[in-house]
Amino acid sequence: MFSLLTEQLSLWVIPIILLLVPIVGYFRRVKVYEAFVEGASEGFYTAIRIMPFLVAMMVAINIFRLSGAMDVSIDALKPILELCGVPAELVPLAIMRPLSGTGALGITTEILNTHGPDSMLGRIASTVLGSTDTTFYILTVYFGAIGITKPRYSVFVGLLGDLIGFVGSIYICTKLFN
Amino acid sequence: MINLIWLFLMAAGIFYAGWQGRIEVVTQGAISAAEGAVGLSFKLIGVMCLWLGIMKIAELAGIIRFFSRMLSPLICFLFPSIPKNHPAMGAIIMVLSANMLGLGNAVTPLGIKAMQELQSINKEKEKASDAMCTLLALCTAGFTLVPATIIAIRSAAGSINPTEIVGATLIVSLGATISVIIADRLCRMYYQIRVRR
């Protein structure tokens with residue numbers, strides 16, 4: 001029941017927004033078509049401005065991944081994290097989550113397929129994915145679009161959020177699903 | 001910090017690949033990632049145009065002003081540096097609600113829009129302002145009511161109850177959001193003290 005509801009909700013939200021905003025606009029005497037085009041014309045330049053930032057970040061992350069350096073760091077972190085009660089299977093997800101959204105999605109899908117979505121590992125991995133975000137992507141794109149090159153402490157705060165989300169997921173899932 | 005992380009990712013990858021005798025993956029990886037980044041920016045153009053267009057209608061229709069008036073106490077608390085009734089408020093409310101509703105590709109355009117509004121009241125254009133850091137912290141904490149993607153991959157993997165994790169994600173992301181707000185405040189205070197010295 002709840003599953004069906006959330007599924008329908010996520011299907012309907014965007015169409016409803018796309019319908020309601022122009023209707024309300026029309027009745028408030030906005031020239032809806034002209035306004036849309038005016039707003040949309042900014043889209044191109046903004047996306048282009050992000051490009052150099054995305055290239056810089058994605059090249060570094062890709063070299064780190066493909067060279068195998070990432071796997072080495074994961075192996076190095078495993079014993080430390082296992083001491084803190086983190087299951088070894090989840091360590092790759094912890095490293096990947098802030099770096100690459102598609103990468104983290106891939107790892108989670110793999111965990112779900114090998115251990116089963118209703119296993120403890122599957123539940124924790126799903127919760128991690130649902131309660132954290134791709135910090136470096138957001139940082140690159142949001143700050144890139146406005147030309148910010150000095151992010152100050154926001155990198156630290158963003159990564160701290162990911163860490164809390166990861167540790168919190170393990171803690172809450174073991175409490176909730178036992 | 002970002003310079004150090006970037007350098008670490010590059011240097012660690014290149015040294016390790018060289019040591020393992022697989023230096024060719026560096027060149028391939030760099031070029032394919034650079035091309036991929038351009039592809040991603042081009043993909044962004046479409047959704048950027050779509051959502052910025054809808055935002056413009058919402059702005060002219062007064063929808064955004066309505067919401068920002070309703071939620072202004074909350075925004076004033078989170079972003080004390082934004083002047084009252086500044087358009088940045090409405091933009092911030094839009095990106096946070098899109099985040100909460102899990103609107104996926106709508107979040108990025110709205111987030112950029114909010115950042116642009118904040119940039120207009122930023123004194124040093126290359127340096128992130130306090131408000132920008134707070135907004136980024138809130139966005140990276142990723143508070144979502146309905147994590148649609150996860151529910152989808154869980155049911156694709158054959159889960160009996162794909163949505164059972166929604167309660168857990170709510171608790172965890174709420175906790176992470178609150179911690180991030182606190183951490184952001186502490187960092188801001190620390191920086192202010194350091195600047196004064």
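## A nonpolar patch on chain B

In this predicted model, helix H3 (residues 63-70) of chain B supplies the largest share of a nonpolar patch, 3 residues. Helices here are DSSP runs (H or I, at least four residues), numbered from the N terminus. The patch lies on the surface and consists of B:Phe66, B:Phe67, B:Met70, B:Leu71 and B:Leu74, with about 470 Å² of accessible area together. Such a patch joins nonpolar side chains within 5 Å, from residues with over 30% relative accessible area and no salt bridge (a side-chain nitrogen of Lys or Arg within 4 Å of a carboxyl oxygen of Asp or Glu). Areas follow the Shrake-Rupley method with a 1.4 Å probe.

B:Leu71 is located in the loop between H3 and helix H4 (72-78) of chain B. Its relative accessibility is 34%, so B:Leu71 counts as partly exposed (between buried, under 20%, and exposed, over 50%).

## The largest nonpolar core

The largest nonpolar core comprises 111 residues; a core is a set of buried nonpolar residues joined through side-chain atoms within 4.5 Å. Helix H2 (residues 24-60) of chain B gives the most to this core, with 14 residues. A:Leu90 is among the residues with the most contacts inside the core, and touches residues including A:Ile111, A:Phe166 and A:Ile170 (heavy atoms within 4.5 Å).

## Chain B as a whole

Chain B contains 9 helices and 0 strands. Of its 197 residues, 52% are buried.

## Basis of the description

Residues are numbered from 1 along each chain, chains are lettered from A and ligands numbered from 1 as written. Local features need pLDDT of at least 70 and side-chain atom pairs 80 or more, while totals for chains, interfaces and linings use all residues; side-chain values use heavy atoms, without hydrogens and water.

How values were computed: Buried < 20%, exposed > 50% of the residue type's maximum accessible area, 1.4 Å probe, protein only. Helix = DSSP H or I, 4+ residues; strand = E, 2+ residues; numbered from the N terminus. Patch = residues over 30% accessible without salt bridge, like charges linked within 9 Å, V, L, I, M, F, W, Y side chains within 5 Å. Lists of a residue's contacts leave out its neighbours within four places in sequence.
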